[in-house]
Structure formats: C-alpha cells, structure tokens
Amino acid sequence: MSNNTVDNQNYLDQSPEVRERFARIKQREVILEVRDLSKRYATAQGETEALRNINFTVHRREFVCVIGASGCGKSTLIRTLAGLESQSSGEVLLDGKPISGPGRDRGMVFQGYSLFPWLTVKHNVMFGPQMSGVGNDSAERDARLWIDMVGLTKFADSYPHQLSGGMRQRVAIARALVNQPRILLMDEPFGALDAQTRSRMQTHLLEIWRNIDVTIFFITHDLDEAIYLADRILVLKPHPGEVVEMIEVPVPRPRSTAQFSSAAFLATKARLEALIHPPMPVETDSEDDDAARPRMVRFTDVADNVENL
C-alpha cells in the first residue's frame, strides 16, 4: 500500500457496505441512553469534576468502545453505567428506565479477574444465578452452557489459580453473561494480558458477540483494540471528561488482524491519535519553560553515543 493511498483516505469515508451496516444499526432500538451526565467529587483541595455533560446513545447489539487520555473519566463512566457510582447530575437510562444501582440487566467485566479463588470455574459462574434465587440444578445447567460458550468445558472443575490469565478472563466473561444481561460492560478487560493472549481474547470476544444477543460497551486505552472491536468509538477528553467525538469505524466487518494495515484502519487511528494526543505547543525560551524542562545528568562517556553507533 502506498503512502498516497493512506494519506488520501479519510476516516469519515465509508464503503457502501459499511454505510449500509450503520443504517441497519441505527434502525435498532436504543437500549442505553446517557443524558447530560456529570460527576463531581469532593476532595481536600476542593471539588473535582470527573465528567461533564456526557451525551450518547447505544443501539441493541452494538459494540461501542471508549478511549481517552489518562484522567478522562473512562472508568468513572462505566462504573456509573454499572450502578456502582451515582452521577452528580444527568440521567442514565437502560431500556428507558433510570439506572439507580447494580442489576442483572448489566454484566460487568473488570481488568482484574475478580474470581473467587476458593470456587471452581463452574461454581464461579453459578454464583450469580444462585444469589438471585435460581435453583442449583438450573444454575449448574446455565453455567455449563456459558462455560462451553467460552471454550472452557474441560476446565469446569479447575480453580482460578490453575488457569492462565486469558482463561481466567474467559471465566469472568461467562460469569457476566450467565445472567443474560442486556448490556455487557467491560473495563479494560484485556489490559493485563500479554500481546498474544490479548489478540486471541479480542477475536474470541467478537465470536461470542456474533453468537449471542448482547450489546457491548468496552473501555480501552489501546487504539488498535478499539478500531478492531468497535462499531463506534466514543472519544473523551480529560480534566474533566467530555465527549470530543463519536466515530463510526469505517473498517468493514467481519474484522481480521490483516486489516490493521488497511487505509481505513490507519486513517481512523490517525484521527484517534490526533484527538487524544494533540500537537504540543511550540517551545519557547522563556524562563518558565526552562524551569519545567527536566535536567538530564549523563552517566556515560560523552563519546559513547548510542544514537551514532
């Protein structure tokens, strides 16, 4: 692919197939609506505003990713959607009903696996239904179904410490899905995994999403991951977190890692990088700039310059 091909591609350009797919998505019902959401915290230094006037909607079976620089309130946002935190103002509606606390209609997967180490895979997945009053036989039947869905049937009687990181996260996904939630909330679920395991988990998650009726709202700091997974990407700016843009990903589905070098993928990534890491102001020689510039101390021979080897 030539540089001119990439340079001429705009992230807003969509193929007819992609435009048609977004038209179909927009015809589905809205299941999640966030209206003028703001979140403020009281601190020793005064009030801190984490989120300001957040507005967006998510359609049924849509895959939405959220990205932004550190401090943009990604985790605060998803915890509010989960009902684990309350907003200072605004509304969060799921199927038109206000969210006021945790509920079975939302599944949550954290970066940490949050499994009970004293329970087997099967009993970890059974735990939620049992706490909701489902009988043991029904809970076990449902647990085995979802354990099979995430490809861990052989490990149903294993304990978390006997599993790899990717396998533990698959258990966490099964435990979130066993309650058949309307929306699956995922807070950087693959952030602690090595690159190869992360890639496999991304592909596995897409396969799960294709086969079940669930909407996914996914927090990540990885631009490639967001473009690879999402229908749309919500971009937040930090301090306080505000919506910068909601990007419709122009990369066709089904997705593959081969698309990472496509013009549509690279154009979208360039746009995300520009939004999250805007150009730094031109340096001046003012005293303030000199004071802020780090003072480097050299601990090697001046003639030993690695850049000129």
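Modeller: Start with Lys-122, which lies in helix H4 (residues 121-131). Helices (H or I, at least four residues) and strands (E, at least two) are DSSP runs, numbered from the N terminus. The model is predicted, so local features need pLDDT of at least 70, side-chain atom pairs count only at pLDDT 80 or more, and totals for chains, interfaces and linings use all residues. Residues are numbered from 1 along each chain as its sequence is written, and side-chain values use heavy atoms, with hydrogens and water left out.

Lys-122 is buried, because its relative accessible area is 10%. The classes are buried under 20%, exposed over 50% and partly exposed in between (1.4 Å probe, protein chains only). Setting aside neighbours within four places in sequence, Lys-122 contacts Glu-140, Ala-143, Arg-144, Ile-147, Ala-156 and Asp-157. Contact means heavy atoms within 4.5 Å.

Now Asn-10, for another polar residue. Its place is the loop between helix H1 (3-8) and helix H2 (16-27). Asn-10 counts as partly exposed because its relative accessibility is 33%. Its side chain reaches the backbone nitrogen of Leu-12 at 2.7 Å. Asn-10 and Ala-263 are 253 residues apart in sequence, yet their C-alpha atoms are 8.5 Å apart in space.

Ala-263 leads on to helix H9 (residues 263-276). H9 has 14 residues and reaches 20 Å from first C-alpha to last, close to the 20 Å expected at 1.5 Å a residue. That expected span is 1.5 Å times one less than the number of residues. Buried residues of H9 include Ala-263, Phe-265 and Leu-272.

Next, the strands. Both faces of strand E6 (residues 106-109) are covered. Arg-106 and Met-108 are buried on one side, Gly-107 and Val-109 on the other. Four bridges join E6 to strand E7 (residues 183-187), and the two run parallel. Val-109 stands opposite Met-186 in E7.

Met-186 is also among the contacts of Phe-218, as are Phe-63, Pro-189 and Leu-229. Phe-218 is one of the residues with the most contacts inside the largest nonpolar core, which has 55 residues. Such a core is a set of buried Ala, Val, Leu, Ile, Met, Phe, Trp, Tyr and Cys residues joined through side-chain atoms within 4.5 Å.

Confidence last. The average pLDDT (the predictor's confidence in each residue, from 0 to 100) is 89, and 89% of the residues score at least 70. Over residues 1-5 the pLDDT is below 50.

Note on methods: A polar contact is a pair of N or O atoms within 3.5 Å; within protein, one must be able to donate a hydrogen and the other to accept it, and residues adjacent in sequence count only if both atoms are side-chain atoms. Two strands pair if DSSP finds at least two bridges between them.
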